[in-house]
Amino acid sequence: MFRSDTDLLESLTAELSQQLKDYEDQALLEVIRPNLASQFAQDAPELAKFREVIAQNDSMDDREFLRLFREFIPTTNYEAYKPFIAKFFATPCKEADVKNMFAPGLPYFFAMSSMTSGKSVKTFPRYRPPPHLLQNPLYLALPRSEGTTLSPASMRYSQILTIDCEDGQSKQVTVCSLSIGFLRMAMNWDAEHDSERLDLWLPGQTDPYAISLVKSYRAFFVLNALFALADRRVTIIRFFFANVFVIFLQYIEDEWSLLVDCIEKGIIPDVENLGHLRAPLEKLFKPNPLRAAELREIGPPGIQGWAVRVWPHLERFFGITGGPAATAVSKLTHILGPSIPTQATGYGSSEGSMALPYHQGDPNTDYKVMFLDVVTEFLDVRSNEPSERVLSIHELVAGGHYEPVLTTRNGLWRYRIGDVVAVKGFAPDDGLPIINYLHRREGGLVMAFGTTCTESQLTNAIVSAANRWIGQIIDFTIVGDDRDTPITYGYLVEIGGEVGKEARMATQQTFEDLMAANDEFRTAFWQGRARKPTIRIVEKGTFAEYRQQKCNKTNVSISQVKVPVVLSDLTFREWLLQQVVNEL
């Protein structure tokens, strides 16, 4: 049971406001002082004015230093960092050319963005944090558990960068997803010696190391399902996105008989070409006829609380259930049953981790801003000021909508991440803001009528319509439907199970929800400049294939591929339209 929102403060007392100022000042100093000597800070044109005023002040105290930072550091975007990041990808790459590029020393790995927008991949250097931070939940790739954890992890990486060091040795830097980079960092697992770990289990997990190297999307999930079903000691289930867990369940349902037979006999199924990975998997997987009999009695996913029957010690589900993943909530809660709580792992991105779940509220959607590996400032997205003023946390107001701006230990300076969050209130114990993620600031689809429904409005509309009329949504995305004029929002939806008998009512409800949520859309419709959205159903397995193609194209971690709310990639748009089997 979540605590009432009335426990949050609507405004800050003078004492809490001063406490937040001091907290932010100290955190900023810890982050920017060490990075002031970096190559980026010394050479980036965006920081030229800041360097000039710093040079004119031979001796300054911390207060003056912070004043100059706030006055002269502008907001930045990825373009400012690209030429500096490119030096790591040069061949050859000399240590002298990249040492202290963004922060002291050399990065441990490069984190890849999840690329939902269809634009080229972004990579961000991640340096090893101070030892006292490594055990913080923001850095823990695997949640602590008394039993085992079901958390499919792909160790796939995009590439390995080689830095020629001054001592004649070389350092290898992996380009991979953020969570895999953290896991490799925590375990000191370099990619060069992956083949030597094939006989190991991922610590505390249901899956062996060898599965993490499987390239096929289907094989990756079928094998994870096999080892997870064989292990009744599972206490935690963790998927980056809840809708990926629903896809995982679909694989279990489709392959139920095969999986149970394999558990009984102790064999690895013939899924794709496993090559050298098959032998270590066969070595680790033993016959378990008693477990197979137990699973046959339970049956495939379907009944309420199925997960608790399969894993009787299950305690909690970790994963994102907001945004596009909201489509999976009804299926998730049905399979878990009423006794298993769910919560997010935190709020952040490849650029930095900004907030942890607020357990005194709703830990699925409420996040408490923390200054650990980043200091977060904010832009008021509703402001009419010609130049956007960067706000500190003590200047936020409850109910306001803001874009986070990050200054990080890894060398980003007032970096705009493009999200929009709402401030729900302030924690009564320390005054820190409690925020909810809303949508991408520029993530909507601009229609011919010149306005944009936000990602959250578009998502809420289809989730509501699906729950009432369509059925369980596996995944969805939106493209511009220009088959008629004016152009409108074209939903492409994959359904698990049967489509509802009155599914055609969903289009009208989606339209009504958008009309109620967005004043500009409503005005445009009544002026004849907008029309009802459309909903088309795609073939079963379409979005699993989409994820596989994204993995093949980018080498991003299998379990972390996002399906964008609004799809801008024209190649994938055409491919998805070819998968349409029905229109509501």
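**Close-up views of a predicted model**

**View 1. What the buried residues of helix α1 pack against.** In helix α1, the buried residues pack against α2 (39–43), α4, β13 (374–380) and β15 (401–408). Those buried residues are Leu16, Ser17, Leu20, Glu24, Ala27, Leu28, Leu29, Val31, Ile32 and Asn35. Buried means under 20% relative accessible area, exposed over 50%, and partly exposed in between (1.4 Å probe, protein chains only). Helices (H or I, at least four residues) and strands (E, at least two) are DSSP runs, numbered from the N terminus. This is a predicted model, in which local features need pLDDT of at least 70 and side-chain atom pairs count only at pLDDT 80 or more, while totals for chains, interfaces and linings use all residues. Residues are numbered from 1 along each chain as its sequence is written, and side-chain values use heavy atoms, with hydrogens and water left out.

**View 2. Helix α1 against helix α4.** Two packed helices are described by the angle between their axes and the distance between the axes. Here α1 (residues 14–35) and α4 (residues 62–72) pack at about 80°, with their axes 11 Å apart; axes are lines fitted to C-alpha atoms, for helices over the stretch in contact, and angles run from 0 to 180 degrees between N-to-C directions. The pair is therefore roughly perpendicular, the word for angles of 65 to 115 degrees. On the α1 side, Glu24, Asp25, Leu28, Leu29, Ile32 and Arg33 meet Asp62, Phe65, Leu66, Phe69 and Arg70 of α4, where contact means heavy atoms within 4.5 Å. Sorted by class, this contact has six nonpolar, no polar and five charged residues. Ala, Val, Leu, Ile, Met, Phe, Trp, Tyr, Cys and Pro count as nonpolar, Asp, Glu, Lys and Arg as charged, and the others, Gly among them, as polar.

**View 3. The span of helix α1.** With 22 residues, α1 reaches 32 Å from its first C-alpha to its last, close to the 32 Å expected at 1.5 Å a residue. The expected span is 1.5 Å times one less than the number of residues.

**View 4. Asn410 and its surroundings.** Look for Asn410 in the loop between β15 and β16 (415–416). Asn410 is buried, at a relative accessible area of 6%. A polar atom of its side chain lies 2.7 Å from the backbone nitrogen of Tyr127. Neighbours within four places in sequence aside, Asn410 touches Phe102, Ala103, Pro125, Arg126, Tyr127 and Asp373.

View 5. Thr91 and Pro92 are joined by a cis peptide bond, with omega about -5°. Pro92 sits in the loop between α5 (78–86) and β1 (93–94). Asn100, in the loop between α6 (95–98) and β2 (109–112), has a positive phi of about 55° although it is not a glycine. Asn100 is partly exposed, at 30% relative accessible area. Asn188 also has a positive phi, about 55°, without being a glycine. Its loop runs between α7 (178–187) and α8 (217–229), and Asn188 is exposed at 54% relative accessibility.

View 6. Ala96 belongs to helix α6 and, at 53% relative accessibility, counts as exposed. Beyond its neighbours within four places in sequence, Ala96 is in contact with Gln39 and Glu166. Leu356 belongs to strand β11 (residues 352–357) and is buried, at 16% relative accessibility. Ten residues separate Leu356 from Gly346 in sequence, and their C-alpha atoms are 4.4 Å apart in space.

How values were computed: Angles under 35 degrees count as roughly parallel, over 145 as roughly antiparallel, 65 to 115 as roughly perpendicular and the rest as oblique. A polar contact is a pair of N or O atoms within 3.5 Å; within protein, one must be able to donate a hydrogen and the other to accept it, and residues adjacent in sequence count only if both atoms are side-chain atoms.
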